[in-house]
Amino acid sequence: MDHTDFYSDRKFCTCCNAYVPYLMGVEKSYCSHCGSEVRLFSKSDWTAFHEGLQARRPKGGRPRKDRNRESA
């Protein structure tokens, strides 16, 4: 089993413009290099992640009627 350990975990720092090790607080996390607040993904990675989720999401709405079905 391959588990990510604390020391190899990274988040994105907009100040450093890189995925960096971070210090985790109760509500926010901070870059261990410059002290800026970090986020889980960069903007481009977040967009790609979100588009991937949208593509896998089932379409809503009512199911189509079967037009080949005979009327009773």
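View 1. The protein has 5 strands and 1 helix, and from the N terminus on they run β-β-β-β-β-α. Helices (H or I, at least four residues) and strands (E, at least two) are DSSP runs, numbered from the N terminus. Of its 72 residues, 12% count as buried; that word means under 20% relative accessible area, with exposed over 50% and partly exposed in between (1.4 Å probe, protein chains only). The protein's accessible surface comes to about 7000 Å², worked out by the Shrake-Rupley method with a 1.4 Å probe, where for residues only the protein chains shown count as cover. Carbon and sulfur atoms own 50% of that surface.

**View 2. Met 24 on the outside.** Look for Met 24 in strand β3, residues 22-24. Met 24 counts as exposed because its relative accessibility is 57%.

**View 3. Ser 42, tucked into a loop.** Ser 42 sits in the loop between β5 (38-39) and α1 (43-56). Is Ser 42 buried or exposed? Its relative accessibility is 9%, so Ser 42 counts as buried. Setting aside neighbours within four places in sequence, Ser 42 is in contact (heavy atoms within 4.5 Å) with Phe 12 and Tyr 19.

**Reading the numbers.** Residues are numbered from 1 along each chain as its sequence is written, and side-chain values use heavy atoms, with hydrogens and water left out. Because the model is predicted, local features need pLDDT of at least 70 and side-chain atom pairs count only at pLDDT 80 or more, while totals for chains, interfaces and linings use all residues.
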